[in-house]
Protein chains: 2
Amino acid sequence: MTDSLSAAPGASRPGGKRERLIAAAAETIYAAGVEKTTLADIAAAAGIPLGNVYYYFKTKDALVQAVVEAHLAEARTMLAAVDDAHEAPRERLKALFSALAQQSDLIARYGCPHGSLCQELGKRADGTPAAAELMREPVEWAERQFAAMGRPDARDLAVQVIARYQGTALLTSAFRDPGLMEAEARRVAQWIDALD
Amino acid sequence: MTDSLSAAPGASRPGGKRERLIAAAAETIYAAGVEKTTLADIAAAAGIPLGNVYYYFKTKDALVQAVVEAHLAEARTMLAAVDDAHEAPRERLKALFSALAQQSDLIARYGCPHGSLCQELGKRADGTPAAAELMREPVEWAERQFAAMGRPDARDLAVQVIARYQGTALLTSAFRDPGLMEAEARRVAQWIDALD
DNA sequence: GTCTATAGCCAGATAGAC
DNA sequence: GTCTATCTGGCTATAGAC
């Protein structure tokens with residue numbers, strides 16, 4: 001039995017072992033991919049014995065799911081921060097791309113973490129709907145910005161801008177060249193300013 | 001010993017077992033990913049006993065490498081066919097995108113096979129240089145077309161056009177919506193016509 | 001809640017008969 | 001060249017002491 005201050009396995013206290021496991025899993029999976037990452041790798045990165053992982057997650061898939069949800073939560077936080085920092089949708093869109101481009105060195109090594117997860121989990125038979133959310137939510141956020149700019153084709157523009165980022169991330173990673181992402185961020189900023 | 005008409009393991013005769021293995025591996029890996037695909041899966045898909053695979057490929061990695069090279073060879077054939085079919089670089093670029101968009105249903109299910117391979121193999125420590133070629137060669141081909149159009153920024157435009165395709169392929173797959181790729185092909189055609 | 005030990009399975013790879 | 005049988009190691013997952 002656990003007292004009322006202890007976290008149940010499903011709960012998430014910052015700094016708790018569950019949180020540490022998810023963070024270690026996110027990093028390891030980002031660097032090596034879902035299938036190549038073993039629970040032993042994750043446990044070692046988190047400084048937790050292998051057997052203890054199963055107290056927090058019944059299966060590897062459950063941990064992967066938690067990683068996807070952690071990425072989603074982080075993405076929402078970032079989009080909300082951009083919303084708070086800027087009023088004008090144009091500035092918001094540029095701020096998002098600027099923030100993403102600041103990760104260009106990491107992207108050059110491992111690609112976009114959300115794109116990697118979508119690619120790998122998208123091949124599963126079940127579809128793993130949570131991974132698709134990693135794309136859907138940014139697209140819908142961008143759609144709201146373009147709509148606020150009065151664009152009737154807001155949805156198409158939103159898909160285009162996220163696709164540009166994802167495609168550039170893939171080439172940035174394939175060529176190990178962070179400059180590609182930085183150049184694209186500048187072009188997207190110009191493109192957004194030129195709209196209308 | 002083998003007589004002079006039999007293929008050595010390294011050679012590639014169309015319809016030979018080595019070719020069948022590579023084709024089966026390419027399909028299975030496209031659908032399930034490199035790490036999740038087992039040699040038993042590939043052998044079964046090719047109708048070849050598992051143990052016999054090792055006569056043609058010393059390791060799984062060697063077979064994966066052969067799959068990447070088969071994709072590269074196919075890509076070169078396709079680009080050469082586009083070169084033959086059209087003289088004008090503008091028409092060539094549109095023809096390439098049109099051909100890619102015709103795969104939209106497959107892409108909606110499994111993404112772009114080249115993009116998938118780059119993403120997965122790009123995480124390896126060695127870099128797996130052959131996978132990056134799957135991006136480099138189309139970019140260089142597109143660069144030649146833009147240069148032939150007299151564009152001084154041919155390289156940037158080439159990176160952009162391939163990135164647009166790859167990013168759209170990712171979203172097409174995440175949303176399981178072939179329409180995204182078809183819409184993008186139309187936009188790229190307009191964009192190319194509007195250049196200069 | 002935590003950790004050690006290990007079960008059970010399945011993958012890549014090999015041996016060797018044919 | 002082909003194929004069956006099998007080795008070996010590593011992975012997910014569990015059992016059970018503490």
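Predicted model: local features only at pLDDT ≥ 70, side-chain atom pairs only at ≥ 80, totals over all residues.

User: What rotation puts chain B on chain A?

Analyst: A rotation of 180° with 0.0 Å of shift along its axis does it, and the RMSD is 0.0 Å. The two copies are thus related as by a two-fold rotation axis.

User: Which residue of chain B comes closest to that axis?

Analyst: That is G167(B), whose C-alpha is 1.8 Å from the rotation axis.

User: Okay, salt bridges now. How many are there over all chains?

Analyst: A search of the whole structure gives 26. One of them joins R187(A) to E184(A), with the closest N and O atoms 3.0 Å apart.

User: Where do R187(A) and E184(A) sit relative to each other?

Analyst: Both are in helix α10 of chain A, 3 residues apart, so about one helical turn separates them. As a general point, an α-helix has 3.6 residues a turn, so residues three or four places apart point the same way.

User: And is R187(A) buried or exposed?

Analyst: R187(A) counts as buried, at 17% relative accessibility. E184(A) is buried too, at 3%.

User: Which residue does D61(B) form a salt bridge with?

Analyst: Its partner is R124(B), and the closest N and O atoms are 3.3 Å apart. D61(B) lies in helix α4 and R124(B) in the loop between α7 and α8 of chain B, so the pair ties together parts that are 63 residues apart in sequence. D61(B) is partly exposed at 43% relative accessible area, while R124(B) counts as buried at 15%.

User: What about R76(B), which residue does its side chain meet?

Analyst: R76(B) meets E137(B) in a salt bridge of 2.6 Å, N to O. This pair links helix α4 with helix α8 of chain B, 61 residues apart.

User: Which residues are linked with R187(B) in a network of salt bridges?

Analyst: D156(A), R164(B) and E184(B) are linked with R187(B) in that network.

User: Switching topic: how many residues of helix α7 in chain B are buried?

Analyst: 9 of its 10 residues are buried, so the helix is mostly covered under the 20% cut-off. Among them are H114(B), L117(B) and C118(B).

User: Last one: where is S173(B)?

Analyst: S173(B) lies in helix α9 of chain B and is buried, with a relative accessible area of 8%. Beyond its neighbours within four places in sequence, S173(B) has contacts that include I107(B) and Y110(B).

Note on methods:
Residues numbered from 1 in each chain as written. Chains lettered and ligands numbered in written order. Heavy atoms only, no water. Helix = DSSP H or I, 4+ residues; strand = E, 2+ residues; numbered from the N terminus. Buried < 20%, exposed > 50% of the residue type's maximum accessible area, 1.4 Å probe, protein only. Contact = heavy atoms within 4.5 Å. Least-squares fit on C-alpha atoms with pLDDT ≥ 70 in both. Salt bridge = Lys/Arg side-chain N within 4 Å of Asp/Glu carboxyl O.
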